[in-house]
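Hi,

Here is the structure I promised to pass on to you. Please open it alongside this message, as my notes refer to individual side chains.

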Amino acid sequence: MGSIGASERSALSFVVFPAGPSDAEELARVHVTSWRETYRGLLADAFLARMSEPGFARRFRRQLSEPGSGVTLVAADRHGLAGYAQGGASRRGHAGEAEIQTLYVLRTAQGHGLGKQLMSQTARALAVEGATSLMISVLRDNIRARGFYEHLGGEPEAARREPGPGGRLLYEVAYRWRDITDLTG
């Protein structure tokens with residue numbers, strides 16, 4: 001698949017749909033590519049270079065084959081998958097709170113409303129499952145993503161230290177929407 005320029009993608013509309021095991025390879029490509037685009041300078045270059053698409057494809061295939069593994073939505077255009085979001089019950093265990101564990105959009109597809117569309121549709125799917133509030137965590141130093149979540153109305157919480165890749169401690173900020181319908185409408 002060739003590289004797509006942002007101007008080529010802007011005129012295209014994306015379709016968002018639930019992922020299945022057959023999407024594992026494309027999910028892995030989006031995951032690894034978006035991590036390398038997003039986290040260069042925030043995570044060790046050696047770690048990013050070692051990321052394995054086949055390894056992530058196996059993980060996605062296994063995860064998407066398990067019943068009750070949460071919500072995974074993918075976004076595609078005529079060039080293939082350009083982003084995805086995964087969500088489920090909050091790891092904090094707060095009653096009614098769901099969490100979007102991952103939201104990644106390839107750089108060539110950013111700036112066209114795709115991240116907002118994935119957030120909204122994932123929140124909608126989680127609300128159907130009974131969620132009344134939503135949270136997502138982001139690296140404290142990922143300023144672009146933090147601005148995106150703030151633009152969508154997320155309320156930031158205090159930064160906290162969390163174990164990251166290779167056991168390295170990183171600072172994360174959780175964003176919370178007290179009313180999930182703020183994102184679904």
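This is a predicted model: local features need pLDDT of at least 70, side-chain atom pairs count only at pLDDT 80 or more; totals for chains, interfaces and linings use all residues.

**Salt bridges**

Searching the whole structure turns up 12 salt bridges. I will go through some of them here.

Let me begin with a pair inside a helix. Glu26 and Arg29 join their side chains in a salt bridge, with 2.8 Å from N to O. Both sit in helix H2 (residues 24–39), and because they are 3 residues apart there, about one helical turn separates them. Glu26 has 26% relative accessibility, so this residue counts as partly exposed.

Next comes Arg40, which makes a salt bridge with Asp45; their closest N and O atoms are 3.3 Å apart. Arg40 is partly exposed at 48% relative accessibility, and Asp45 is partly exposed too, with a relative accessible area of 45%.

Which parts of the chain does the salt bridge between Arg92 and Glu157 tie together? The two side chains meet at 2.6 Å, N to O. Arg92 belongs to the loop between strand S3 (80–89) and strand S4 (97–105), while Glu157 belongs to the loop between strand S6 (155–156) and strand S7 (160–163), so the pair links parts that are 65 residues apart in sequence. On accessibility, Arg92 comes out as partly exposed at 29%, and Glu157 as partly exposed at 32%.

There is also a network to look at: salt bridges link Arg91, Glu99, Arg160, Glu162 and Glu172.

**Gln86**

Now for the glutamine. Gln86 is part of strand S3. Is Gln86 buried or exposed? Its relative accessible area is 7%, and buried means under 20%, so Gln86 counts as buried.

What does the side chain of Gln86 meet there? Another polar contact, at 3.3 Å, joins the side chain of Gln86 to that of Thr72. If neighbours within four places in sequence are set aside, the residues in contact with Gln86 are Phe60, Gln63, Val71, Thr72, Glu99, Ile100, Gln101 and Thr102.

Best wishes

Notes
Residues are numbered from 1 along each chain as its sequence is written. Side-chain values use heavy atoms; hydrogens and water are left out. A salt bridge is a side-chain nitrogen of Lys or Arg within 4 Å of a carboxyl oxygen of Asp or Glu. Helices (H or I, at least four residues) and strands (E, at least two) are DSSP runs, numbered from the N terminus. Buried means under 20% relative accessible area, exposed over 50%, partly exposed in between (1.4 Å probe, protein chains only). A polar contact is a pair of N or O atoms within 3.5 Å; within protein, one must be able to donate a hydrogen and the other to accept it, and residues adjacent in sequence count only if both atoms are side-chain atoms. Contact means heavy atoms within 4.5 Å.
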